[in-house]
Each structure stands twice: as structure tokens, then as C-alpha cells.
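Subject: Structure handover

Hi,

Here is the structure for you to look over. My notes follow below it.

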Amino acid sequence: MAKPILILGATSGIGRATMEEALSRGLPVRAFARSAGDLAPAEGLEPWPGDATDAGDVGRALEGTRAVIQALGVTSGVAMLWRKVTLFSDSTRALLDEMPKAGVSRLVAVTGFGAGRCRSRMSAVERLGQDVVLGRPYADKNRQEAMITASALDWTIVRPVILTNSAPSDKTKVLRDPKSWRNGLVSRKDVARYCVDAVEKDLDIRGDVVLAR
């Protein structure tokens, strides 16, 4: 039997869409989230409740898997304007510590447009808006990306632009050249499709991409 893909953040947003995409292809999935026990049973699905920032939980979840898709999110609200966010970097630290022990080297990490080196491709207005509303989450995404790119893993960093719940589109582009990076819209389902493709087809190893229509 094929080894499962471990998806962190599998119960909501991009993580849930990625879980559904992988299962639709007949791929086994280990769905990791605090609320994973609430997932409806499905063929190929292994719910795995746990804390993505806890190295013990992450280490146990990694056993016997083939790859990790890290698709975590934080709850939106006014508190993010002042409360420090460490979810992304804390989870990444646990992964970087535990993946080598489990013999898993493939990591596909979803961050966002404006994180890491693609910030330079934002307009001044976009940077201001992101700093005011999402400054703390994106500061942590920056830390996350720096940790990943300094690691020896076979990583891919995926930066979707503004997310929608629309149907997948054949117009979505994988922007690999930094000169082509731009803002826009993209469906969560298109992001999910790319993430699963990245694992299945070994796409963009040690590369960072932007996804946009």
C-alpha cells in the first residue's frame, strides 16, 4: 500500500481542499489537525488529531509517510492586529526537527503572496495594507520561509495570492520567475491541485512559486 501524504491543517481552508484533492485521486492521506477527529470517514483517509507545534505529535504523525504538505492558517480577527503569531514558525521548527528522524524529506509549504522574497513584488499600497491588517501573521510566515530555505529538505514554498472559494480554473498560473510574480486571485482548489501535483510530480524542488490567475 502506498504511503500517505501528511497534510497539516487538513480540516479547513487550503488544507481541507488539499485533503479532498488528494483523496479524489485515490491517494492515501493522513489528515493532521486539532479537530481531525471530526472528519467524516472516507476511503484512504486517516484522521490524526494533534498540535502542529508539538514535536512529539508531529513526530508520531510523520511515521510511515511519504511527504508533508503544510497548509496551516490562523483565525481571522482583530486580535491579530496586536497578538504575536508564531504558529507557522513553531510548526516549521517541529517539522525540521522531526522529518529527518522519520526519513521524510519532501515538504510543500503554503505561505502567501507578500511573504519572503516576493514582498518586493508588491506595490507600496499592497505592502501598507498587508502590514496594517496581516503584519503579524506575515512576519511569522517570513520566519517560516527563512527556516525552510535554510534546511536540507526537498522543499517547495507555495505562495497563493488572494484566495477565493471558486471552482478550479485552467487559467491559474504557476509563476516561477520572480519577475513575473504579481498579486491577483486564485481558488483554494487550484492551490490544492498544485500542492498535490508538487508531491506527485516532484515539482519545483527547492524552489518558491506564486500561484495566480
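Start with leucine 134. Its relative accessibility is 31%, so leucine 134 counts as partly exposed. Leucine 134 sits in helix H4, which covers residues 124–149. On the surface, Leu128, Val132, Val133 and Leu134 make up a nonpolar patch. Together they have about 350 Å² of accessible area. Bear in mind that this is a predicted model.

Arginine 143 and aspartate 140 pair through their side chains, at 3.0 Å from N to O. Both lie in H4, three residues apart, or about one turn of the helix. Aspartate 140 is at 0%, so it counts as buried.

Next, arginine 159 and glutamate 145. Their closest N and O atoms are 2.9 Å apart, and the two form a salt bridge. Arginine 159 is in strand E6 (154–160) and glutamate 145 is in H4, so this pair ties together parts that are 14 residues apart in sequence. Arginine 159 is buried, at 1% relative accessibility. Glutamate 145 is buried too, at 4%.

Within it, arginine 25 meets glutamate 21 at 2.8 Å, N to O. Arginine 25 is partly exposed, with 33% relative accessible area. The total count is 16 salt bridges.

The largest nonpolar core holds 37 residues. Met19, Val29 and Val158 have the most contacts inside it. Several elements each supply at least two of its residues, including strand E1 (5–8), helix H1 (13–24) and strand E10 (207–212). Helix H5 gives the largest share, six residues.

Back to the surface for charge. Lys171, Lys173, Arg182 and Arg213 gather there in a positive patch. Of these, lysine 173 lies in strand E8 (173–175). Lysine 173 is at 43% relative accessibility and counts as partly exposed.

One more lysine to look at is lysine 179. It lies in the loop between E8 and strand E9 (185–187). Lysine 179 counts as exposed, at 71% relative accessibility. Which residue is 58 positions from lysine 179 along the chain, with its C-alpha atom 7.9 Å away? That is arginine 121.

Best wishes

Key:
Residues numbered from 1 in each chain as written. Predicted model: local features only at pLDDT ≥ 70, side-chain atom pairs only at ≥ 80, totals over all residues. Heavy atoms only, no water. Patch = residues over 30% accessible without salt bridge, like charges linked within 9 Å, V, L, I, M, F, W, Y side chains within 5 Å. Areas by Shrake-Rupley, 256 points an atom, 1.4 Å probe, with all protein chains shown as cover. Salt bridge = Lys/Arg side-chain N within 4 Å of Asp/Glu carboxyl O. Lys, Arg positive; Asp, Glu negative; His and termini not counted. Charge placed at Lys NZ, Arg CZ, Asp CG, Glu CD. Helix = DSSP H or I, 4+ residues; strand = E, 2+ residues; numbered from the N terminus. Buried < 20%, exposed > 50% of the residue type's maximum accessible area, 1.4 Å probe, protein only. Core = buried A, V, L, I, M, F, W, Y, C linked by side-chain atoms within 4.5 Å.
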